[in-house]
Structures are given as structure tokens and as C-alpha cells.
Amino acid sequence: MGLNTQSMIFTIYGDYIRHYGSKIWIGSLIRLLKEFGHNEQAVRVAVSRMVKQGWLQSERQGNKSYYFLTQRGVNRIDEAGRRIFKLDPHEWDGKWRMLMYSIPEEKRQIRDDLRKELLWSGFGSFTYSCWISPNNLEKEVNSLIEKYEIEEYVDFFVSDYLGPKDNIQLVEKSWPLDEIEQKYEEFVSNYGKQFIVHQSLLNENKMSDADCFVERTKLVHEYRKFLFIDPGLPKELLPSMWSGNHAALLFRQYYQLLAEPASRFFESVFEKGNDLRKKDQSYDVHHHPYITK
């Protein structure tokens, strides 16, 4: 299906396993990924890579191997979840966060990795080594400074912008809003049609729980790609007609349409070899814990 195995595993951890104790038997994970055409070897290779990258840790219980999220993995998935399921743009406090750095050439790999992390967190590239955001990202910035040990190379400001341009022009310089808008329009066009088809099929009992699991996972997998391109700007800095709002509404309706049968299938696989009692009792598939207004 052309879906990257490691990326799919991230999606399944974020949307399911995180709410079931953050740990799963490798056999169950292999069974779940089989629904998308991924074979056992591909899953084992991807999981091994995620361990080396610090997202997962392994644990033996008898002759079974279990994999659970590290604290770094939990932090990343929780941050992603809050952003994916945040349906309405927030209000702006009027402040700009500005990160400036001068990282030497011999630390180029750290510099490149930092840029990727800043983009993922929603910073925009104002100039080559100056990144800005209107969002409260102090915690994320401090975490990155600590992670890459770059205290001596960076400066971080929370400030007002006094001109001579206006705030909208800062946004236009730092983020490709037209491109992001186009991606949202494509998402709405493609998934709007699928939503209507699946709504009809479910009403006629023509979709299995496994089908719903596959479609819900693919939906989240596709929608979470916006984490890498959409900075999550406050409503004061967005165009009045922003397709991201339409996409968020469609995502929520589609997600909730598939939620219950998809979770039923996941639990039918998970209960063989894992402890269902680890499920977060406050977790409600219809009102995902990360869904916020």
C-alpha cells in the first residue's frame, strides 16, 4: 500500500497502544500491521530501528518480546496527539517566540536535526538561523536545547513585534500558507468522498471491524502529516477562509464514525498476548482524550 512501516507503527502506538499501557507484544503488532500488507520481517526491522532511535524499549516476559514507549516516545506521541485532535485554532497572546542560533559547522548534523525538530514543533524560518512562532513553545524549546546540548549556541526571546510591517506579513514570510491550504483542500476533497461512502457502507452493515480499523488508522496516518507542515497558527493570524478548519471538522466526524468498530478490532487482537486491564479507563473512543476545542 506504499505506507512506511515505521511511520504506521508510530500511528498505531499514538492512536491505540498509548491508551492501553503503551506496551504491546510483538506478535500482536505484527498481526495488526498485516492488515496493511506489512510482513513480519518489515515490522521487526522497523521496531528494532525505533529502539535504536530511542522511541521504544524492549522487555522479555517468558518467551515473548514486548515493546513499550520510552519517556521520549510518550512525550512525542502526546504532543502529536494534542495537535492532531485540536479542532479549533486557539487565541493568540500577541507575543512572538524567537529562537536564534549560531551552531558551528562541525556540529552540522545537530543543526540539521534541530531544524527538523523546529519545523515539526511549528516554528517558521524567518531567516536562515532565526526561527519564529506565535505559539507558546517555551517548554519545547527548552527540551530541544537540553537534548542537543546547545546552550552556548542559542538565544531565545519572547517579544512584541513593533513593525514596520504587520504580523500577517511576518506569517507570509515564514510559512508557505498557500501550499498548506492546498494540501488541506486535497485532504477534504479525497476524504470527504470516502467519508460519505463509508457512512453508507456502515449503515448497510457492509464494513467489518477490521475494515474500520484499517480506514481509521489510514485516516489518522494521513491527517498527522499536517504536523510536519502546519504550524498551528492562532486564528488571528490565519486567513478568514482557512481550509484547515474544514479539514479538522471532517477529520473529527470521520474519526468518530469509525472509532467504535476500529477499537473493537484492535482489542480483539490485543487481548491475545497482552493485558487489557492496562487500558486507560477514562479512554472513550468517541471522545478521544486529545480532542480539544
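Trainee: How many of the 293 residues of the protein count as buried, and what makes a residue buried?

Mentor: In this predicted model, 47% of the 293 residues count as buried. The term applies to a residue with under 20% relative accessible area.

Trainee: Why is Thr70 called buried?

Mentor: The relative accessibility of Thr70 is 10%, and the cut-off is under 20%; Thr70 therefore counts as buried. This residue lies in the loop between β3 and α4 (71-84).

Trainee: With which residues is Thr70 in contact, leaving aside its neighbours within four places in sequence?

Mentor: Thr70 is in contact with Gly54, Trp55, Leu56 and Gln57, where contact requires heavy atoms within 4.5 Å. One of these, Gly54, follows α3 and has a positive phi, near 90°.

Trainee: What makes the span of α3 close to the expected one?

Mentor: Helix α3 covers residues 40-52, 13 residues in total.

Trainee: Which residues of α3 are buried, and why are they said to be on the same side?

Mentor: The buried residues are Val43, Ala46, Val47 and Met50. They cover an arc of only 100° around the axis, which puts them on the same side of α3. In general, an α-helix has 3.6 residues a turn, so residues three or four places apart point the same way.

Trainee: What covers these buried residues, and which residues are exposed on the other side of α3?

Mentor: The cover includes α1 (5-15), α2 (26-34), β2 (56-61) and β3 (64-69). On the other side of α3, Gln41 and Lys52 are exposed, a term that requires over 50% relative accessible area.

Trainee: How do you know that Asn39 caps the N-terminal end of α3?

Mentor: A side-chain oxygen of Asn39 lies 3.3 Å from the backbone nitrogen of Gln41. The limit for a polar contact between N or O atoms is 3.5 Å, so this pair is within it.

Trainee: Why is the protein called as compact as a globular protein of its length?

Mentor: The protein has 10 helices and seven strands. Its radius of gyration is 21 Å, close to the 19 Å that the globule rule gives for 293 residues, so the protein is as compact as a globular protein of that length. Its C-alpha atoms fill a box of roughly 60 × 45 × 35 Å along the principal axes.

Methods. Residues are numbered from 1 along each chain as its sequence is written. This is a predicted model: local features need pLDDT of at least 70, side-chain atom pairs count only at pLDDT 80 or more; totals for chains, interfaces and linings use all residues. Side-chain values use heavy atoms; hydrogens and water are left out. Helices (H or I, at least four residues) and strands (E, at least two) are DSSP runs, numbered from the N terminus. The expected span of a helix is 1.5 Å times one less than its number of residues. Buried means under 20% relative accessible area, exposed over 50%, partly exposed in between (1.4 Å probe, protein chains only). The arc is that of the directions from the helix axis to the C-beta atoms. A polar contact is a pair of N or O atoms within 3.5 Å; within protein, one must be able to donate a hydrogen and the other to accept it, and residues adjacent in sequence count only if both atoms are side-chain atoms. The radius of gyration is taken over C-alpha atoms; the globule rule is 2.2 Å times the number of residues to the power 0.38.
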